[in-house]
There are 2 protein chains.
Amino acid sequence: MALSKTPYRGTRDFFPQDMRLRNYIFAKMSEVSEVYSYEPYDGPLLEEVSLYLAKSGEELINEQIYSFMDRGERHVAIRPEMTPTVARMVAQIHREVPKPLRWYAIPNLMRYEKPQKGRLREFWQYNADIFGAGIHGEVEIIQLCISILKSFGANSTHFDVHLNDRRIVDLIFKEFIKLDSEATHKLYKLVDRKNKMDADKFSAEVRVITQDETKAQIFEEYANLTMVEALKTFVSKFTEANQDFFQFYDNLKALGFAEYLVYDPSVVRGLDYYTGVVFEIFDKHPDNRRAVAGGGAYANLLQIFNEQPLEGVGVGLGEVPLTEFLKAHNLLPDVSRAQIDYLVSYIDQEGEALAMKVAAELRAHHKKTELLFGAQKPKKVFTSAEKKETSFVVFIGLDEAQNNQVKVKNLKTREETVYSYNDFFKTI
Amino acid sequence: MALSKTPYRGTRDFFPQDMRLRNYIFAKMSEVSEVYSYEPYDGPLLEEVSLYLAKSGEELINEQIYSFMDRGERHVAIRPEMTPTVARMVAQIHREVPKPLRWYAIPNLMRYEKPQKGRLREFWQYNADIFGAGIHGEVEIIQLCISILKSFGANSTHFDVHLNDRRIVDLIFKEFIKLDSEATHKLYKLVDRKNKMDADKFSAEVRVITQDETKAQIFEEYANLTMVEALKTFVSKFTEANQDFFQFYDNLKALGFAEYLVYDPSVVRGLDYYTGVVFEIFDKHPDNRRAVAGGGAYANLLQIFNEQPLEGVGVGLGEVPLTEFLKAHNLLPDVSRAQIDYLVSYIDQEGEALAMKVAAELRAHHKKTELLFGAQKPKKVFTSAEKKETSFVVFIGLDEAQNNQVKVKNLKTREETVYSYNDFFKTI
């Protein structure tokens with residue numbers, strides 16, 4: 001039986017056209033990160049399962065992870081996310097290095113999922129974190145994310161940033177509405193599902209949880225807020241104390257980002273992990289209303305290593321939802337053809353040696369150069385040239401071979417010029 | 001019990017300094033490949049084990065592979081090499097695409113090995129292949145490899161290219177010495193071990209295999225050759241027919257590569273796979289006498305898919321042996337410090353808003369910019385600046401904040417200038 005030619009379920013073959021697109025996307029992510037002075041890092045493909053258990057608990061591990069015993073009876077997993085790895089790495093060095101640390105990575109990750117649109121088993125995820133920077137870090141990570149999306153040509157007509165703050169939520173739930181932690185937890189879960197629920201059903205469930213009509217009304221008023229300014233007014237009814245979240249918001253506003261920012265009480269994210277600002281970046285396209293990226297601030301990254309607390313702010317941006325987003329808004333570049341500077345050909349077998357020399361010299365000049373093997377008629381050379389985005393074609397015929405000359409055609413201007421070998425390289 | 005902070009055995013944490021080095025190495029590999037008009041590709045991290053069994057046989061699979069059953073009872077493995085994946089991908093498209101195909105990738109691979117110098121469980125390997133190009137492809141892949149190593153500053157004092165050709169070897173063993181295929185196979189194995197053997201023992205074993213003093217002498221003369229020119233003379237004693245290998249060699253010589261080329265009868269490589277030129281690039285450093293890269297020409301890449309034959313030439317260059325090579329010759333760049341263009345600081349809290357604005361605007365100008373959080377004394381700012389390779393420091397004091405000005409110090413010239421906000425960005 002012949003072997004299957006298809007890739008393993010939920011994974012992809014990246015043919016050159018696919019890879020050019022991936023490289024384009026990763027290059028933008030890296031460029032913007034470097035411009036924000038974030039430093040690259042990476043970790044191992046495999047980690048011990050105990051690391052994920054400590055961070056995420058049994059459920060994710062058992063259901064979603066590729067894990068197995070190695071030959072030395074170690075229970076290992078292919079990384080399903082980067083945060084445990086970065087925590088492990090930072091735990092090694094945090095005592096000796098100056099803060100803040102700004103790190104980014106674009107690892108390949110695997111999760112055992114049922115493949116569907118925007119969700120695959122193998123995918124790449126951009127991760128950026130800033131450690132030890134307090135609320136300044138919250139502002140910077142949001143800036144960084146917006147800048148990355150802008151680098152692809154996206155703007156506030158394409159996406160918005162849904163913000164929330166765990167400190168604000170706790171203040172409202174515990175101090176204003178005065179719920180115990182069990183009821184608070186239930187409200188968290190409820191508000192997380194709000195956008196998927198009927199309004200009447202939502203109201204009813206609020207009343208079941210709060211057991212109090214006044215509290216229910218306060219909560220509903222809160223749950224329907226969509227602007228940070230309105231949240232400010234809401235909070236000011238209960239307290240005059242300054243809130244970090246509003247300082248954070250004002251900083252982003254001063255930087256000109258107000259048009260991107262939305263308050264969204266339903267953005268909750270990992271309950272046990274995040275402690276400050278949490279956010280999700282949403283696609284505004286009606287056919288692709290989903291989160292492209294998400295993240296937030298956490299107070300205690302290194303707890304699982306029994307290390308002193310280290311606060312941080314992180315973001316994850318998957319290449320699959322990002323690509324869906326860019327596709328929905330027609331922001332993907334045309335990568336259908338490879339781009340080369342010179343196609344070097346010979347019309348006559350006697351031109352081969354010179355053609356090889358010309359191609360080698362063009363490459364030494366850092367020009368993307370393809371050598372067309374075998375003597376070819378000009379018509380066939382042009383056919384080859386058109387299959388790629390080619391700038392110049394070099395022809396070496398009998399005349400050129402005998403006179404050590406180079407005939408070059410500029411495919412844009414259609415201009416054809418014959419140079420001596422040495423003069424040609426002076427023009428480059 | 002606290003979790004372990006060390007990475008899984010045989011894998012590495014890439015802290016920013018390590019990652020800068022890896023990025024430097026991968027960027028060179030990619031740049032040179034693009035200059036040779038090779039196109040990027042990638043495949044999945046996991047493949048079905050049957051793919052590796054078909055190509056490499058039981059032994060490698062059982063001993064060296066990370067394999068496991070997935071939840072759907074598929075026997076899968078983390079890729080230990082890239083060739084089976086590239087074969088699978090090419091098998092999907094080879095009928096429709098113009099040849100030759102030139103492809104490269106730098107995948108992460110895993111093998112279950114005992115970690116040692118130059119050998120790890122997780123590593124990256126540069127792979128390049130040209131499909132459907134005949135002996136032209138053999139020349140080009142050697143050129144490409146030499147160009148990659150030259151791009152790191154290496155030259156013929158640092159490495160040489162050990163060449164052999166399976167067609168030549170077959171000619172000598174089967175036609176000149178006239179051995180049956182069992183004895184031929186044994187001589188292959190013997191010559192592969194030659195450099196690790198005592199000369200007397202080698203002579204004795206040759207005689208055991210050939211069972212003929214004349215044949216043994218011919219073989220020994222052959223086995224001691226080190227130059228292609230000497231091989232030419234040797235072959236010409238038996239036949240006047242043209243050999244592709246000598247055409248291949250003459251082409252490389254015409255391109256100026258003679259100083260890199262050595263004939264090495266002991267370079268044999270995968271017996272069932274390679275059919276034309278085979279080569280290994282050796283480090284010349286006395287303390288690191290090992291192969292940095294290797295590859296060769298194969299006639300039948302797609303056999304395991306029951307597809308029509310497709311010939312190709314490939315090379316694999318591991319990042320671990322390459323790094324050892326560059327280290328041995330002191331060719332690694334200094335990546336100890338991150339490089340940034342601007343460190344933006346504020347001396348006074350009132351300068352914070354302007355400092356944030358300046359940093360954002362510098363980033364919009366694609367300048368690598370770090371914003372120093374919190375008001376800091378100039379002395380502390382300089383301490384921060386020195387931790388990285390910083391070109392300029394921006395100070396926003398009370399004066400600058402009140403007058404919308406920017407004070408910039410060029411750390412190279414030690415020049416300090418105060419600009420109006422708008423004038424500053426005109427200078428960039």
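N404(A) lies in the loop between α15 (398-403) and β16 (405-410) of chain A, helices (H or I, at least four residues) and strands (E, at least two) being DSSP runs numbered from the N terminus. Although N404(A) is not a glycine, its phi is positive, at about 55°, and the residue is exposed, with 12 other C-beta atoms within 10 Å; here a residue is exposed if 12 or fewer other C-beta atoms, placed from the backbone, lie within 10 Å of its own, buried if 20 or more do, and partly exposed in between. This is a predicted model, in which local features need pLDDT of at least 70, side-chain atom pairs count only at pLDDT 80 or more, and totals for chains, interfaces and linings use all residues. Residues are numbered from 1 along each chain as its sequence is written, while chains are lettered from A and ligands numbered from 1 in the order in which they are written.

In chain B, R414(B) has a positive phi of about 65° although it is not a glycine. R414(B) is placed in the loop between β16 (405-410) and β17 (416-420) of chain B, and is exposed, with 7 other C-beta atoms within 10 Å.

A further backbone feature is the cis peptide bond that joins K99(A) and P100(A), with omega about -5°; P100(A) belongs to the loop between α4 (83-93) and β5 (101-105) of chain A. In chain B, a cis peptide bond joins K99(B) and P100(B), with omega about -5°.

Between the chains, 69 residues of chain A are in contact with 69 residues of chain B, contact requiring C-beta atoms, placed from the backbone, to lie within 7 Å. Helix α1 (residues 16-35) of chain A supplies the largest share of the side of chain A that touches chain B, six residues.

Conventions
Contact = placed C-beta atoms within 7 Å.
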